Amino acid sequence: MPILVQKFGGTSVANAEKIRRAAQHVIKSVKKGYSVVVVASARGQQTDELLDDARQLNPNPPERELDQLLSTGEVQTVALFAMALHAAGYDAISFTGGQIKMITDGVHTKARIKSIDAQRIHRELHKGRIVLVAGFQGIDKDGNITTLGRGGSDTSAVALAAALKADECEIYTDVDGVFTNDPRLFDKAVKLDKISYDEMLEMASVGAGVMHSRSIEFGKKYNVKIHVKNSGKDVPGTLITAEESDMEEIAVTGASIQKDMAKLTLIGVDNKPGNAARVFSRLAAYHVLINDIIQTELNPQKANLSFTIGSSDLKNAKKAVDEVKDKIGCDKVFIRDDIAEVSVIGVGMRSHYGIADKMFRALADAKVNIDSITTSEIRISCVVDKKDGEKALKAVCIVFDLDKPPKKRKKA
Ligand code: ADP
Ligand code: ASP
Ligand code: MG
């Protein structure tokens, strides 16, 4: 029988009524002839509540214990979900990440999946059972519970879909699909019928929280058909898929903002081979995730080296930089933790020109100062003052017609 993976996010399983409704989605697919594997997140705001509990007892909780605690949220959901399915007359069995051998590395709070044992799940599906797997978690090789980072249940779901060779991975959430921009920040954002893996990956990695970025890496690598849908409404969602030939016709597909960002600038680093490697190997040792890097040569002797990170990594980044700064001749470290990054994304940037010009002009007209600029082949990002972030985002959404469906936009 074809396999379908259905993932339900926190708001879609927030209470008994919503779990019952989610169970009906699953039952509908079973009736259509699918073997269904459900991945669920912690109910409602439970992960945040557990984090608060932890911080009341220890402002700086050990990350292993944090994972041990946070993983319980999703375990509760899948057990309750299985009970709801039994009550509706369907055989179901729930598992923790560890029970299905979702093996990760040992980096607590942001672990990466290494392998999954699909055999146990296949055996249960063959018995005619619905299988439920707690999202967001795995175990490392020593049996410690790990978590995959906030929003990580998407990655559990897509990785499972890849391992099980599922027909499709449905992501049920609290919006109708992937929009040109966060519909909660820009009320004129429009839903996209489809988006390429590359665009979704860039959007997710620069703030579009609707999908965990690692999930899209899996999706692209294993060609998993990902369908983002609203769990509360029966409306068509967004298909995340391989690039199609008409996608490049649109210059900019979407925009995003990352609000909780910090930037470190190492001023006057000795302009010698090996210094950038020294800095970034220390940062890697502290598991700091780097967003963008800019290095500028000041003169033959000195260079400035800047990088942006999520604010939650700032403490570790400071430690790493402190350990290395004297060895690389750095004169001074300049830190900003009051920045946001606004990005525009689109595979069409490969074939359209004038996109950067248009974006910078829109920010200038909105009187937003640009601190720094980085680009990829399909993305332009500007660091701005945090207080200007939303204003900047709206300005770029308007200038690129992101309040209109792709087919109705003016040509760039
Ligand atoms: P879930 O609990 O279902 O995983 P999330 O809160 O992680 O839900 O993701 C859904 C949220 O993502 C939406 O409520 C929306 O505010 C936010 N979001 C950010 N960017 C986008 C976007 N481009 N399209 C749709 N939603 C987005
Ligand atoms: N419960 C986790 C979180 O709130 C994982 C997830 O929802 O995907 O981040
Ligand atoms: Mg999510």
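Helices (H or I, at least four residues) and strands (E, at least two) are DSSP runs here, numbered from the N terminus. By that count the chain has 11 helices and 18 strands. What you're looking at is a predicted model, where local features need pLDDT of at least 70, side-chain atom pairs count only at pLDDT 80 or more, and totals for chains, interfaces and linings use all residues. Residues are numbered from 1 along each chain as its sequence is written, chains are lettered from A and ligands numbered from 1 in the order in which they are written, and side-chain values use heavy atoms, with hydrogens and water left out.

**Overall shape**

- The chain's radius of gyration (taken over C-alpha atoms) is 22 Å, which agrees with the value near 22 Å for a compact globule of 412 residues; the globule rule is 2.2 Å times the number of residues to the power 0.38.
- Along its principal axes, the C-alpha trace spans about 70 × 50 × 35 Å.

**Ligand 1**

- There are 18 residues around ligand 1, and Thr173, Asp174, Phe179, Asp182 and Arg184 come nearest; a residue is near a molecule if one of its heavy atoms lies within 4 Å of it.
- By class, that shell holds eight nonpolar, six polar and four charged residues. Ala, Val, Leu, Ile, Met, Phe, Trp, Tyr, Cys and Pro count as nonpolar, Asp, Glu, Lys and Arg as charged, and the others, Gly among them, as polar.
- Polar contacts are pairs of N or O atoms within 3.5 Å; within protein, one must be able to donate a hydrogen and the other to accept it, and residues adjacent in sequence count only if both atoms are side-chain atoms.
- Taken alone, ligand 1 exposes 570 Å², and the protein buries 83% of that. Accessible areas come from the Shrake-Rupley method with a 1.4 Å probe.

**Ligand 2**

- The shell here is Ser41, Ala42, Thr47, Glu74, Phe136, Arg150, Gly151, Gly152 and Ser153, which splits into two nonpolar, five polar and two charged.
- A ligand nitrogen sits 2.9 Å from a side-chain N or O atom of Glu74.
- On the oxygen side, a polar side-chain atom of Arg150 lies 2.7 Å from a ligand oxygen, and a backbone N or O atom of Gly151 lies 2.8 Å from a ligand oxygen.
- The protein covers 86% of the 270 Å² of accessible area that ligand 2 has on its own.

**Cavities**

- A cavity is a set of points on a 1 Å grid over the protein atoms alone where a 1.4 Å probe fits but cannot get out; lining residues have an atom within 4 Å of a point. Points are joined across faces, edges and corners, and a volume is the space filled by probe spheres set on them.
- Searching the whole structure turns up two cavities of 30 Å³ or more.
- The largest cavity has about 50 Å³ of space, and its lining includes Lys263, Asp292, Phe307 and Glu341. Strands S14 (290–297), S15 (302–310) and S17 (372–376) each give two or more residues to that lining.
- The second largest cavity has about 40 Å³ and is lined by Ala111, Arg112, Ile113, Leu148, Thr155, His212, Arg214 and Phe218.

**Lys302**

- Lys302 lies in strand S15.
- Its side chain makes a polar contact with the side chain of Asp270 at 2.8 Å, and a polar atom of the Lys302 side chain is 2.7 Å from the backbone oxygen of Gly268.

How values were computed:
1 Å grid on protein atoms, 1.4 Å probe; cavity = no way out; pocket = protein on both sides within 12 Å on 5 of 7 lines; lining within 4 Å.
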